[in-house]
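Keep the 3D view open as you read.

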Amino acid sequence: MAGIYIHIPFCKQACNYCDFHFSTSLQNKDAFLKALKREIALQQDYLGTKNISTIYFGGGTPSLLTQAELLDLFETLNKHFTIDANAEITLEANPDDLTEIKIRELKSTPVNRFSIGIQSFYDEDLKLMNRAHNSAEALNAVKFAQDQGFENLTIDLIYGMPTLTEHKWRNNLQIAFALDVKHISAYCLTVEPKTALAQAVKTGKIKNVDEQQSAEQFEIMLEGMRANDFVQYEISNFCKDGFYSRHNSNYWLKEKYLGVGPSAHSYNGITRQWNVSNNGLYIQSLEKNELNFESENLTIAQRYNEYVLTSLRTIWGTSLEQIKNNYGEKFAKYCLQEAQKYIASNDLLFEENQLFLTDKGKLIADKIASDLFEVE
Ligand code: SF4
């Protein structure tokens, strides 16, 4: 079954590490929502199916949408698609938006899962990242959501920050476990070019990320997650039994998805396309009922490479059988041949015709995947 990703390109303020597409001016919000509804209508045939099993509001900050705005979007979605009765419907939310009143309001929308951007329970770290919320708001957001019956909660945490000592990282994890959330996404801080963080590192205001420290914090995380019955079903994603993100898992397993909103990406099995990353241009095009995107037809080698890159990071591993069936025997043989050195070094495990990363291999996942790529 297919999924829909909806990009809401507004944030209250810019986190210093972020390179997603967003604007801190909410001036065009109404015009954007009108354009978004037009795009949903214009893209109704892209997937080749109307049946939708997951919807994901990402951004930017989707929790800036009001209850009425969300209900209006669902009306448009329901007009053009058939949303499964048990669909997973996730809304990314910043803790400062998730007040008790807001969560009560969201209860009357089809949203049934929150992805809460907590990042750290230490205010000094949140300040360093220029986050808009504080740790008290983070704790309250989770509690209010649980009190209102939202069981399917995921929170984001970041490790590898120069100010994050081992003690603080262990504490962040313990606080997260005590909150009884069902899913945790934990990312290592990366210094993306052209971000405020990159500038601060360049001028020496903030220390760069220390690879050794990040690797140690990764190990601490794996140990803590295991001890608390979280399954690592993707390198950065951990869940309690049955609470894996269906939407993101579909990406990793190469299911079809439609992305709407500026900068959103779509994939229908053959082509990949991405919308213009500019709110003004996006709105202008849709005012003329025109879509504004670039696209590419994926070659078999590109599809093989993408499958390797995403599947290898998951608990389901990379299936040689699937490679043979979908991309041809030549690719399956090539993959296994390139994997040999990593099997020998205990970075990869080869079992039942599938390749899996070992804990050691997880630290160099991208390097391993790129070595398995077919270069055209
Ligand atoms: S709230 Fe999210 S999208 Fe917005 S600036 Fe921060 S990290 Fe980026």
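For sorting residues by class, Ala, Val, Leu, Ile, Met, Phe, Trp, Tyr, Cys and Pro count as nonpolar, Asp, Glu, Lys and Arg as charged, and the others, Gly among them, as polar. With that in hand, the lining of the second largest pocket splits into 7 nonpolar, 3 polar and 3 charged residues.

A word on the ground rules. This is a predicted model, where local features need pLDDT of at least 70 and side-chain atom pairs count only at pLDDT 80 or more, while totals for chains, interfaces and linings use all residues. Numbering runs from 1 along each chain as its sequence is written, and side-chain values use heavy atoms, with hydrogens and water left out.

Back to that pocket. On a 1 Å grid over the protein atoms alone, a pocket is an open set of points with protein on both sides within 12 Å along at least five of seven lines, a cavity is a set where a 1.4 Å probe fits but cannot get out, and lining residues have an atom within 4 Å of a point. Points are joined across faces, edges and corners, and a volume is the space filled by probe spheres set on them. The second largest pocket comes to about 180 Å³. It has 13 lining residues, with Thr-314, Ile-315, Phe-356, Leu-357 and Lys-362 lying nearest its centre. Strands here are DSSP E runs of at least two residues and helices are H or I runs of at least four, numbered from the N terminus. β7 (231–234) and β15 (354–357) each give at least two residues to the lining, and β7 has the largest share, with 3.

Tyr-244 sits in the loop between β8 (237–239) and α9 (246–252).

What about closed space? There is 1 cavity of 30 Å³ or more. The largest cavity holds about 40 Å³, and is lined by Asn-16, Leu-128, Met-129, Met-161, Leu-189, Leu-197 and Ile-206. By class, that lining has 6 nonpolar, 1 polar and no charged residues.

Now for the charges. Side chains of opposite charge can pair when their charged atoms come close. Counting a salt bridge as a Lys or Arg side-chain nitrogen within 4 Å of an Asp or Glu carboxyl oxygen, the whole structure has 22. In one of them, Lys-12 meets Asp-97 with the closest N and O atoms 2.8 Å apart. Lys-12 is in the loop between β1 (2–8) and α1 (29–42) and Asp-97 in the loop between β3 (82–93) and α3 (100–106), so this pair ties together parts 85 residues apart in sequence. Is Asp-97 buried or exposed? At a relative accessible area of 10%, Asp-97 is buried, since buried means under 20%, exposed over 50% and partly exposed in between (1.4 Å probe, protein chains only). Lys-12 is partly exposed at 44%.

Lys-37 and Asp-72 form another salt bridge, at 2.7 Å from N to O. Finally, Lys-254, Arg-272, Glu-296 and Glu-306 are linked in a salt-bridge network.
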